Amino acid sequence: MAENTKRKKSKAKVEGVNGRLFKPQPVLMFNLLLFTIVCLVPMILVTIVSFSSKTSIAIKGFTFFPSGWSLDAYKFVFSKWDILVKAYGVSLYEALFGTALSMFLTTLFAYTISRKEFFLKKFLTTFMVITMLFSGGSVSSFIVNSNVYGLRNNLLILILPGCVSVFNAVVIRTFIQSNVPNELVEAARIDGAGETYIFFKIVLPLLVPVIASLGFMGAVTHWNEWQTAMLYLDNQNFRTLQLVLNSIENDIEQIRKLVETGQADATMIELSENLPTDACRMAFLLLTLGPVLVIYPFFQKYFMKGLTVGAVKG
């Protein structure tokens, strides 16, 4: 009787209008295919425009079928290669070390507030919520980081502020409460294991999905960050990739304005006439997105499990 009831319920879930069966798989596949096309088409267009000639862009605009091809944009990009290599190094340093430090400290904090027996759990949780609601602002942060901590023109400014993410701590705490049985921790304690051993040998291996998914998003955030470097780093060798590309873009725009107002010299006029501005923008965009597109497939399998389970209320 119970088995027949289950079958009726399962059949009712797939029945559509007028009793016809509704098959969700083709609809789901169509939606995913449509979403993939929407995400992929702009990338294809950016790539094509970066190889389009300046004349083609001027006549036909951004198109999938340019009238001429050119490598001038990439020649201009690689002419700045010495600057870009240093910027790549700084951005990689921020993305790798910043993400590693942030995930390590955030995971430690999340594990601490997930333990019901920890006597400071309520205090730390309340303190965490307060930091989510209130902020001292950019001016006070700049004064404290520069004058109190002495982080001006120091690469540590790229990884230390905000190294503990409150949002990530909440997600990891919920993941621990949902996926790490308390009996497993208690059994380890009975066997004489300390908190350090329990965290690194028992809990941490179970957190790989959520750490990988949150870590990837944190790395992308660090990779795209440029405002901190602009505010705190005056040394030209400490500029991040995003800041360097923004500086080059501003130089190109400044040359264009000088040519339009008649204030440019012969060198600037020649550069403005030969430089494919729009194609250069697209080439710089691909240069920035390249590492993210290469790394993403290795982390994609963790996103569903890491974020979906971690988002369940614990």
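Let me start with the second largest pocket. By class, its lining has eight nonpolar residues, one polar and no charged ones. Here Ala, Val, Leu, Ile, Met, Phe, Trp, Tyr, Cys and Pro count as nonpolar, Asp, Glu, Lys and Arg as charged, and the others, Gly among them, as polar.

A word on the source. This is a predicted model: local features need pLDDT of at least 70, side-chain atom pairs count only at pLDDT 80 or more, and totals for chains, interfaces and linings use all residues. Residues are numbered from 1 along each chain as its sequence is written, and side-chain values use heavy atoms, with hydrogens and water left out.

Back to that pocket. A pocket, on a 1 Å grid over the protein atoms alone, is an open set of points with protein on both sides within 12 Å along at least five of seven lines, and lining residues have an atom within 4 Å of a point. The volume of the second largest pocket is about 410 Å³. A volume is the space filled by probe spheres set on the points, which are joined across faces, edges and corners. Its lining is Phe35, Thr36, Cys39, Leu40, Met43, Leu289, Val292, Leu293 and Tyr296. Helix 2 (24-50) and helix 15 (277-310) each give two or more residues to that lining. Helix 2 has the largest share, with five.

Now the largest pocket. Its volume is about 1,200 Å³. It is lined by 45 residues, and Leu160, Pro161, Gly162, Cys163 and Val164 are the closest to its centre. By class, this lining has 23 nonpolar, 20 polar and two charged residues. Which helix gives the largest share of it? Helix 11, with seven residues.

So look at helix 11 next. Helices are DSSP runs of H or I, at least four residues, and strands are runs of E, at least two, numbered from the N terminus. Buried residues in helix 11 include Pro209, Leu214, Phe216 and Trp223. Buried means under 20% relative accessible area, exposed over 50%, partly exposed in between (1.4 Å probe, protein chains only).

The whole chain, quickly. It has 15 helices and zero strands. Of its 314 residues, 32% count as buried.

Two loop residues. Ser67 sits in the loop between helix 3 (54-60) and helix 4 (72-79). Is Ser67 buried or exposed? It is exposed, at a relative accessible area of 54%. Leaving aside neighbours within four places in sequence, Ser67 is in contact with Ser56 and Lys60. Contact means heavy atoms within 4.5 Å. Asn153 lies in the loop between helix 7 and helix 8. Its phi is positive, about 60 degrees, although Asn153 is not a glycine. Asn153 is partly exposed, at 33%.

Last, confidence. pLDDT is the predictor's confidence in each residue, from 0 to 100. The chain averages 80, and 84% of the residues score at least 70. Over residues 8-19, pLDDT stays under 50.

How values were computed
1 Å grid on protein atoms, 1.4 Å probe; cavity = no way out; pocket = protein on both sides within 12 Å on 5 of 7 lines; lining within 4 Å.
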